[in-house]
Amino acid sequence: MKYLLTALLLSLSAGQVLACEPVELGSLEISEAWSRASIGMTRPGAFYVTIRNTGATDDTLTAITTPVSDKPMLHETVVKDGVASMPHAMAIPVPAGSTMALEPGGYHGMLMGLTKVLKEGEIYPVTLTFREAGDVTVPVAIRGMGARDAGCPDSKK
Ligand SMILES: [Cu+2]
C-alpha cells in the first residue's frame, strides 16, 4: 500500500514537471499550461498557458483544440462597471519579443462541453494554432480547484 502511494505521487509530480517544461515551436516557447480540476462535466473548464515570442515576427493565437472539450473557445475577461463578462476573443496577439499569459482574470481558453472530468494530478493535451508558427500540442497539468497558477518551480508570475 505504501509502495502504491509512493508510485502514485511520483507519477503525479512527473506529469506536473512535463507540463512545466517549455515546448518550442519556431521562436515560440509554450509553458506552464494548466487547468483547475472540475467538479463534474456540466460547467466549462478553463485553460491557462504562457506563450513567449522570442522572435522578430508578431504572431497570433487563433484557436485551441483538445479531446477533453467539444467546443473549446478563446475568451477574454472584461470588467466593465464592476461586472465581469467574457467576450469571445477571435484571436490573442503574441507580439514579437513579448510574453502573453492566458491566466485567471485575463485571456483564457474556455473548454465548453467537457468530455471528461478534469481530475487533479492528471494531464491532458491541448493543441494551439498560431497564424504564423502553425500548430503545437502541449501537456496541460490539472491542478487543485483553488490553484492560481501552474505551480511550476520557475514560475515568473
Ligand atoms: Cu471564459
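**Basis of the report**

The model is predicted, and local features need pLDDT of at least 70, side-chain atom pairs count only at pLDDT 80 or more, and totals for chains, interfaces and linings use all residues. Residues are numbered from 1 along each chain as its sequence is written, and side-chain values use heavy atoms, with hydrogens and water left out.

**Overall composition**

The protein has one helix and twelve strands. Helices (H or I, at least four residues) and strands (E, at least two) are DSSP runs, numbered from the N terminus. Read from the N terminus on, the order of elements is α-β-β-β-β-β-β-β-β-β-β-β-β. Of the 157 residues in the protein, 38% are buried.

Strand S3 covers residues 45–53, and eight of its nine residues are buried. Two strands are said to pair if DSSP finds at least two bridges between them. The table lists pairings of S3.

| Partner of S3 | Residues | Bridges | Direction |
|---|---|---|---|
| S2 | 28–36 | five | antiparallel |
| S10 | 108–114 | three | antiparallel |
| S9 | 99–102 | four | antiparallel |

Individual residues illustrate these pairings. Arg 52 in S3 is the bridge partner of Glu 29, and Arg 52 also stands opposite Thr 99 in S9. Gly 45 stands opposite Leu 111 in S10.

**The copper site**

Which residues are the protein donors of the copper ion? They are His 75 (ND1), Met 86 (SD), His 108 (NE2) and Met 110 (SD), lying 2.1 to 2.5 Å from the ion. Donors are N, O and S atoms within 2.8 Å of the metal (3.2 Å for Na, K and Ca); water is not among the atoms, so sites may look incomplete. The arrangement around the copper ion is tetrahedral because the four donor atoms subtend angles of 86 to 123°. Four donors count as tetrahedral if all angles lie between 85 and 135 degrees. In sequence, the donor residues follow the spacing H-x10-M-x21-H-x1-M. Since His 75 lies in strand S5 (residues 69–75) and Met 110 in strand S10, the pair ties together parts that are 35 residues apart in sequence. Both His 75 and Met 110 are buried.

**The largest pocket**

Rolling a probe the size of a water molecule over the atoms shows where empty space is left. On a 1 Å grid over the protein atoms alone, a pocket is an open set of points where a 1.4 Å probe fits, with protein on both sides within 12 Å along at least five of seven lines, and lining residues have an atom within 4 Å of a point. The largest pocket has a volume of about 480 Å³, a volume being the space filled by probe spheres set on the points. Its lining consists of 17 residues, of which Arg 36, Arg 43, Pro 44, Gly 45 and Ala 46 lie nearest the centre. The elements that give two or more residues to this lining are S3 and S10. S3 supplies the largest share, three residues. By class, the lining has nine nonpolar, six polar and two charged residues. Ala, Val, Leu, Ile, Met, Phe, Trp, Tyr, Cys and Pro count as nonpolar, Asp, Glu, Lys and Arg as charged, and the others, Gly among them, as polar.

**Individual residues**

Glu 32 has a positive phi of about 55° although it is not a glycine. Glu 32 lies in strand S2 and is buried, with a relative accessible area of 8%. Asp 81 likewise has a positive phi of about 55° without being a glycine. Asp 81 is placed in the loop between strand S6 (78–80) and strand S7 (83–85) and is exposed, with a relative accessible area of 75%.

Definitions and conventions: Buried < 20%, exposed > 50% of the residue type's maximum accessible area, 1.4 Å probe, protein only. Tetrahedral: all angles 85-135°; square planar, octahedral: opposite > 155°, others 65-115°.
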